[in-house]
Amino acid sequence: MDVELLEIRQHMGQFPPFDGLSDELLDAIAEQVEVSYFKTDSDILTLNDTLNELCYIRSGAVEVYRRQGELYNRLGEGDIFGHFSLLRNHKVRFPAKAIEDTLIYFIPDAVFQRLCEEDDDFADFVELERPRLETAAEQQKKSNDMMVTRIRKLVTRYPVMVESTTSVQQAAKQIIDAQASAVLVINEGSNNPRYSFQDSEGKTWQMCGILTDSDFRTRVVAEGLSPSTPIGEVISERLITIQSDASVYEAMLTMLRSNVHHLPVLYRQRPVGVVHLSDIIRYETHSGLYLVSNIFNQSSAQGLAKLAPDVRAAFVRMVQEGANSQMVGSALSTIGRSFTRRLLELAEDTLGPPPVPYCYMVNGSMARNEQSIVTDQDNALILSDDFVPEEHDEYFHALAAFVSDGLAACGYTYCKGDVMATNRQWRQPLAVWKRYFQDWMANPTPEKLLHSSIFFDLDSIYGEDLFVETLQDLIAQTAPKSPLFLAAMARNALNRTPPLGFFRTFVMEKDGKHNNSINLKRRGTAPMVDLIRVHALACGSKAQNSFQRLDDISKTQLLATGVSDKLSYALEFLCMSRIRHQMIDLQEERVPDNNIEPENVEDSERHTLKDAFQVLSNAQKFLKFRYPVPTQRQGR
Amino acid sequence: MHGIRPRQKVTQADWNGYMAARAERAQDEMLKRFFSTPMPDPETPLSEVPMVALDMETTGLDERRHGIVSIGVVPFTLGRIPMAQRRYWVVKPPRPLDEASIAYHHITHSEVADAPDLDGVLDELLAVLAGRIVVVHFRNIERPFLDAAVKARRGEGVLFPMIDTMSLEARLHRQTLWARFRRWLGRPPVSIRLNASRERYGLPPYQGHHALVDALATAELLQAQIANRYSPDTPLKAVWC
């Protein structure tokens with residue numbers, strides 16, 4: 001190594017992507033660098049010029065523009081530009097100008113190509129957007145946490161199903177043949193939508209019970225029943241089931257609470273399998289998350305409130321153990337749901353059983369299973385259509401207030417927009433809810449939807465799941481056919497835009513202004529979630545989670561090939577960045593928030609965030625174009 | 001060598017004639033080739049002038065008593081300084097190094113012990129300089145040292161036009177009315193040393209006193225000076241000396 005090149009290579013060695021290069025490659029660069037000085041306001045790269053070099057900023061500052069003259073990026077010491085052109089047709093796509101007196105090191109194309117070939121990390125870094133986000137997202141990906149693994153993963157085969165007229169002996173034979181330990185009992189036809197489903201021939205069936213190994217002992221043999229007894233006569237009325245997208249943890253808790261060892265797993269109302277406690281135990285890891293069972297052991301709202309620090313501790317540990325954003329979001333949502341459920345149980349203990357059936361609905365991040373540690377509560381009540389306000393509302397108002405206050409005590413602050421079941425408007429019978437949704441979709445204006453878009457993330461967490469499913473079905477059927485609604489949602493999804501990136505210790509805005517910090521929720525994750533929601537509504541997806549929505553979207557032609565992957569990586573990275581900064585806040589005993597300060601952002605995170613912002617920005621542009629306001633109202 | 005006292009007498013207008021005359025008279029093969037390599041015309045715009053930044057580390061400041069220890073050169077143009085073309089030599093001075101100079105330019109006894117005499121690298125050096133305008137920071141080291149060293153070895157010296165980035169800075173900061181006014185007020189003069197000058201143009205500080213690093217630093221400084229104070233169309237004769 002020539003000493004005289006130290007100046008050059010030592011400088012480059014401090015900055016990504018050069019910081020990861022071998023000494024040999026660094027020397028190869030320093031050897032071949034060409035240096036040039038540009039005074040303030042002079043052009044470095046001009047549009048459509050031929051470019052055969054990578055540009056490295058040794059000192060000074062450079063602005064890079066789009067063809068139309070719009071600011072694309074502002075770069076400082078140690079940043080590179082020109083690589084997009086080198087990877088494509090060697091024509092300058094983004095002109096560059098010195099905004100301070102600037103010294104540029106030009107790295108010849110041959111050296112650049114060699115770096116790309118010999119160093120994968122370097123190649124990832126310079127390749128536009130996707131791979132870097134992909135790498136970053138994949139590095140975070142580790143699964144197998146019980147809190148986020150869905151129960152359907154534990155289902156290995158179809159359930160054994162017999163008609164209720166089958167003899168217990170026949171049923172026992174079938175169980176033995178299938179090497180199962182339980183059988184589901186079904187009836188043809190149905191007068192009740194609950195547990196009713198259609199088979200492949202279009203026949204309607206209803207699941208009416210389950211008979212397990214031990215039931216044969218206790219309900220058949222011990223009772224001295226004949227082997228020819230129809231199975232329908234021995235099953236219990238009480239059927240405990242779980243939805244296929246519930247977490248393994250929830251399944252386990254359901255078993256513990258109900259004291260059953262078998263759970264039929266349903267996809268909506270159709271049985272898709274049966275899980276046994278041993279399946280779960282086999283799957284259990286040493287996650288140490290006793291928190292959820294602890295929640296269900298609390299006998300008062302005060303007791304629940306005392307668990308708030310445990311939630312934060314669980315969050316920090318999960319992030320430290322390398323959980324990805326989906327795991328964290330899902331775990332925190334499970335915890336939030338558990339608080340809510342326990343509070344509802346406690347409320348029912350206090351207030352007595354509900355006068356009419358109801359469903360406690362959650363909206364926003366909890367419905368999407370994307371909760372963060374900084375969150376407020378968004379909930380509503382869907383009541384049976386038998387609801388009579390004069391007679392019943394007092395009960396439900398009290399119930400809503402009990403839960404809402406309890407949640408606030410546990411750290412889930414009241415919703416600023418008053419999207420809570422305590423608000424009479426959001427405590428209504430199913431028929432009214434249907435009208436709400438129909439009105440939002442049929443007569444949309446961006447203003448009207450501004451505050452109601454949160455209801456388009458909806459999930460049931462207690463009570464009659466069917467009510468929420470009805471609304472989900474309604475949305476999935478109506479939204480794709482409502483261009484005006486989609487246009488209004490799309491317009492609202494553009495209200496919040498990402499910044500351009502970072503420059504030194506500032507956040508760079510698109511107009512070139514600087515800010516000291518950035519709200520990563522408002523400027524990153526929330527607009528991304530909004531945007532994904534619009535596409536999900538357009539394709540009739542019933543998924544609530546943004547990543548699952550993207551899976552559904554990717555099965556359609558809505559987005560160009562690969563775009564949904566890109567969005568997924570970008571969202572994962574944005575969420576993870578927010579989570580990491582909240583963890584830092586907690587570790588440094590600050591109140592966690594959604595802000596990140598550029599000085600706390602590492603170099604590599606900076607570049608990846610910049611890419612993620614870029615993906616979001618491009619996707620927003622496409623949204624505007626994809627869902628234009630129709631010239632004529634449809635259906636009028 | 002009658003009539004030539006270059007340190008005082010060589011002036012801008014004479015350069016092409018002077019070089020031609022030296023080419024005529026030169027006895028040494030290498031020097032003859034050097035002087036007969038065509039120089040850019042004094043009217044050539046700077047953007048078209050091939051240049052070479054030169055820096056030497058010496059054992060002291062007096063060419064009669066001190067010697068050259070290392071030489072760094074980088075050919076360049078106003079547009080680009082290609083590091084691939086850099087050259088650097090350590091040479092053995094006729095007299096031993098003293099401790100003070102070792103501390104200054106970090107070249108040690110052992111490095112110098114194995115180094116060749118300047119005579120061994122002179123041909124290579126002059127080949128790089130030939131046909132290019134040499135750029136230095138403070139010509140009163142490089143010019144007399146090189147002249148004296150060559151004269152001692154080849155019987156005749158070398159003189160050629162140079163661009164001196166320090167004197168360009170001096171023109172701006174020492175010779176203007178404003179500078180004289182400042183001096184009259186008793187304010188310290190603006191520093192025109194290499195790093196201080198570079199700083200005024202937003203150029204990064206470099207670890208100094210390595211002949212090649214300083215040559216690179218000088219080349220960058222000239223690019224900055226021309227970009228800020230002159231123009232790529234400025235004729236060569238406006239800045240050489």
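## Two helices crossing in chain A

Let's start inside chain A of this predicted model. Here helix H14 (residues 325–351) of chain A and helix H16 (residues 389–409) of chain A have axes that come within 9 Å and cross at roughly 135°. That angle is why H14(A) counts as oblique to H16(A). As for its hand, the crossing of H14(A) and H16(A) is right-handed.

Who meets whom? On the H14(A) side you'll find Phe339(A), Thr340(A), Leu343(A), Leu344(A), Ala347(A), Thr350(A) and Leu351(A). Facing them from H16(A) are Tyr395(A), Ala398(A), Leu399(A), Phe402(A), Val403(A), Gly406(A) and Leu407(A). Sort the residues of this contact by class and you get eleven nonpolar, three polar and no charged.

## Where chain B touches chain A

Now for the two chains together. On the chain B side, 24 residues are in contact with 19 residues of chain A. The elements of chain B giving two or more residues to this side are strand S3 (81–82) and helix H11 (211–229). H11(B) supplies the largest share, eight residues.

What about the classes? The side of chain B that touches chain A has 14 nonpolar residues, along with seven polar and three charged ones.

## A strand pairing between the chains

To pick out one pair, look for Glu34(A), whose bridge partner in S3(B) is Pro82(B).

Notes
Residues numbered from 1 in each chain as written. Chains lettered and ligands numbered in written order. Predicted model: local features only at pLDDT ≥ 70, side-chain atom pairs only at ≥ 80, totals over all residues. Contact = placed C-beta atoms within 7 Å. Helix = DSSP H or I, 4+ residues; strand = E, 2+ residues; numbered from the N terminus. Nonpolar A, V, L, I, M, F, W, Y, C, P; charged D, E, K, R; others polar. Pairing = 2+ DSSP bridges. Axes fitted to C-alpha atoms, helices over the stretch in contact; angles between N-to-C directions. Parallel < 35°, antiparallel > 145°, perpendicular 65-115°, else oblique. Left-handed = near helix turned anticlockwise from the far one by under 90°.
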